[in-house]
Amino acid sequence: MPVVVVESPAKAKTINKYLGKDFTVLASYGHVRDLPPKDGSVLPDEGFEMLWEVAADSKKHVKAIADALKDDPKLILATDPDREGEAISWHLQEALTKRKAIKKDTEVARVVFNAITENAVTTAMKNPRQVDMELVEAYLARRALDYLVGFTLSPVLWRKLPGAKSAGRVQSVCLRLIVEREMEIEAFRAQEYWSVRALLQTPRGQSFEARLTSLAGKKVDRMDLATASAASMAVHASASRPLSVASVEAKPGTRNPAAPFMTSTLQQEASRKFGMGAQATMRAAQRLYEAGHITYMRTDGIDMAPEAVHAARDVIADRYGKDYVPGSPRMYKNKAKNAQEAHECIRPTDMAASPDRLKLSEDDQKKLYDLIWTRTIASQMEAARLERTTVEITSDDGQVGLRATGQVILFDGFLKVYEEGRDDVETNDDDKRLPQMAQGDAVARVKDGLAAEFGKIASEGDSVVEAEVQGDMRRAAGGLLSADGAVLGQRHFTNPPPRYTEATLVKRMEELGIGRPSTYASIVTTIQDRGYVRKDKNRLFPEDKGRLVTAFLVNYFRKYVGYEFTAELENELDEVSAGDLDYKDVLTRFWRDFSAAVDETSELRITDVLEKINEVLEPHLFPPKEDGSDPRLCPNCGAGRLSLRTARSGGAFIGCSNYPECRYTRPLAPPGDDDGDAQLLAEGKLLGHDPESGEPVTLRTGRFGPYVQKGEPTEETPKPPRASVPKSWSVETLDLEKALTLLDLPRLVGMHPDGGEIRSNFGRFGPFIMHQLPDEAKPVYVNLKDEAEIFEIGMNRAVELLAEKRANPRGRGGGAAAKPLKELGEHPERGGPVNVMPGRYGPYVKWEKVNATIPKDTDPEAVTMDVAVQLIAEREAKGGKGSKGGRKRKSG
């Protein structure tokens, strides 16, 4: 039987249904070879030779394929239809050839399909080809570049900027985007401006709202009314003149549907509508694709196969009526310059399989399929027809002009099914119907029509003060209201640019030409995993270490974190895949300049680097003080200069130049204006005094984070008692009692029946108890699940946990962790129990020796067998078993 190889067991299972018993379908579990994560895996001086290595976990998969080829010398490589898929096929062919599993008479074919359906698979089998070496060379160039940047630049960072983890060809550019956006936000200064609007009434008594657009014959733009005084004059002018309709203009309009999804727009829309991260989106899409529900999910293409277009039109006519089907099919043109990325759009494989019919069990897959189906159907529907009305209103003397706008949907068209989300949407009052009016109609102001709204504004600011002197206006901190209550002036402030979400970051990367569909999700995830960026309420914030790395790279490797350079390099790699450039020429040009830039940093001293970063990040690290004093003057000794310091542990902090005489330290972020009471300086925030010794107990901030200290250093006690504040504890609510509890650690739980003290404490990996029997060479440690147990655990429980740990030394948490959180049953394809387990670093899926981490945003109770099998497959594909086994590969 011919041997068909795909990437994953899930994909193999689906394909096997279509090919039947005449084929042997096996999974490679992702890439079978990679560059070893060490120096010398790419050799620039030897024609960029790349020394590949079959991963330990991949050897058994390669062996299984080799064994299958003994029975039938025909190999069909059916990996994904993109550059990575082509590379996996090439690696398999190379690895099997080296094993001599592929012989002279072995027939090797490459087949590709954009969807895992019976028709697509059987058609692909009838149209085999050879491995596309142009795509493979594009992969080789990209992999070599990522390796050379990662393994050349990262050591420079480690030497010159202790604590930095790594740099990457694209990840560092992506990080720069986030850091620079944060710097824009910090540099932003809000500007005040005012708007004026009135609630008016037609002769028929119908009310509507209009905004001021001209005053004294001049157009009023957004920022023109910059002060309350200017707004007051505008409110007065609008409230003291008769008004009438100058013109009414009704224009028909249309709204066309958005194009079907490609990778970037799917990630953006999933983020907007569901708050799903790029990685979670691609994980759900991968499962939908492997199950045969959608087309391939890594694409820059938005065109749709003709048969899919006709199927969509049939579904529209059947479900919504012929009025919703346009006269001719909608055609969408690919924007991608690179044909290898421009597969068909992401769409359902069966248009008739509506979300309610498909009945998916996984929540993420269900939401994503619904999104893909509705977007695809909507993309082939009739446009929405609108009527937009604009009414111009003027005073009789022409001094005041107001405008009312409205919009009404005459035919909903595609909006019946789907409307695209937007990023950082501002409220829009135009989506309403205006009452009927005609030119020349007099309009009246509605008495107290905006009084309630003014009251709301007033309640948010200062108390309302009647303007008795003027006698025609009510005032509040943020608003002005005419005496008749019909004209409202409202204060606004300009907003800083918004922080990126994963969706808007991917959109910006796409606009700049940075990254490709296959890399967006991994890039965004990598900078978070390495602690350079954190996500809070779906927004991306740069961490201090991310700022430091960016400042270093922008100053010493500006070209290589440049947006244009990175985009141009991506274009060159696209040209390689198209066969227009030789990949070794690209590597040679890059390496010549890059290696020279690295050599130039060899003489840099850490002190020089830190001072340069001080200079670059000065607005963030040392913001100007209100009193005009030097922000870098040490507040503790009054003589030293504050400067950036790095710790061997990898942290960074601000310290005094007079160290060790002055031990002032603080975090990189400066204390806020309202933090005066916190006093987290060298002398610390005084929490109180120890009742027994009378010594002061202070809360301080050091290079390793917040800690509490009892007393001060003396000749007799150079290191006074200290205790770190657990990360889960809030320093804002830390009081003397809690501080003394920490300083009393380790806590004596009691004496073990067999001798020796049992103590509890915090450790590197969290709370624990420890005990050592007289005949034991070293203590036994048992991790505790809850920090509170340090202070509450009793003797019976402690003795029980220690006994369990001694009986099961390799178990976690004294045996407690050996109990599954959830038992899923036998692995459906390979046998053996699959369980959801609690772990030191979070819950994980366990099958045989494979431990697969469950994503943070996934509830362990929601993990099904399908999800578990996929996580196990992904873990095996990465190489290394278990949560500790196997080294993680470093990537650029």
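## Starting at a ring pair

Select phenylalanine 791 to begin: its relative accessibility is 26%, so it counts as partly exposed (buried is under 20% relative accessible area, exposed is over 50% and partly exposed is in between, using a 1.4 Å probe and protein chains only). For the cut-offs, rings of Phe, Tyr and Trp (its six-membered ring) pair if their centres lie within 6.5 Å, and planes under 30 degrees apart are stacked, over 60 edge-to-face and the rest tilted. Colour by secondary structure and you'll see phenylalanine 762 in strand β30 (residues 757–763) and phenylalanine 791 in helix α22 (residues 789–792), so the pair links distant parts of the chain, 29 residues apart. Helices (H or I, at least four residues) and strands (E, at least two) are DSSP runs, numbered from the N terminus.

Before moving on, a word on the model: it is predicted, so local features need pLDDT of at least 70 and side-chain atom pairs count only at pLDDT 80 or more, while totals for chains, interfaces and linings use all residues. Residues are numbered from 1 along each chain as its sequence is written, and side-chain values use heavy atoms, with hydrogens and water left out.

## Zooming out

Show the whole protein chain as a cartoon. It has 24 helices and 36 strands, and its C-alpha trace spans about 95 × 85 × 60 Å along the principal axes. Of the 892 residues, 50% are buried. Take the contacts (heavy atoms within 4.5 Å) between residues at least 6 apart in sequence: 65% of them join residues at least 24 apart.

The whole structure holds 19 aromatic pairs. Select Phe552, Tyr556, Phe557, Tyr560, Phe565, Phe590, Trp591 and Phe594 together, and you have a cluster linked by ring pairs.

Next, pick tyrosine 563 with arginine 176, which lies over the face of the ring at 4.5 Å from its centre. Then go to phenylalanine 541, where the charged end of arginine 534 sits over the ring, 4.7 Å from the centre. A charge sits over a ring if NZ of Lys or CZ of Arg is within 6 Å of the ring centre and within 35 degrees of the ring normal.

## Into the cores

Which residues have the most contacts inside the largest nonpolar core? Select Leu75 and Leu161: they do, in a core of 96 residues. A nonpolar core here is a set of buried Ala, Val, Leu, Ile, Met, Phe, Trp, Tyr and Cys residues joined through side-chain atoms within 4.5 Å. Helix α5 gives the most to this core, with 14 residues. Leaving aside neighbours within four places in sequence, leucine 161 is in contact with Val156, Leu548, Val549, Phe552, Val609, Leu610 and Ile613. Another core, of 58 residues, lies apart from this one; Cys345, Met351, Leu368 and Ile372 are among its members.

## Helix α2, seen end-on

Select residues 59–69, helix α2, and pick out its buried residues: His61, Val62, Ile65, Ala66, Ala68 and Leu69. Look down the axis: these buried residues fall within an arc of 160 degrees, so they line one face of the helix (the arc is taken from the directions from the helix axis to the C-beta atoms). They pack against β1 (3–6), β2 (24–27), β6 (53–54), β7 (74–77) and α3 (83–98).

## Loop stops

- Arginine 169 is in the loop between α5 (133–160) and α6 (171–187). It is buried, at 5% relative accessible area, and its side chain makes a polar contact with that of aspartate 146 (2.8 Å). A polar contact is a pair of N or O atoms within 3.5 Å; within protein, one must be able to donate a hydrogen and the other to accept it, and residues adjacent in sequence count only if both atoms are side-chain atoms.
- Tyrosine 29 has a positive phi of about 60 degrees although it is not a glycine. It sits in the loop between β2 and β3 (33–34) and is buried, at 8%.
- Lysine 537 also has a positive phi, about 50 degrees. Its loop runs between β20 (533–536) and β21 (539–542), and it is exposed, at 78% relative accessibility.
- Leucine 745 and proline 746 are joined by a cis peptide bond, with omega about 0 degrees.
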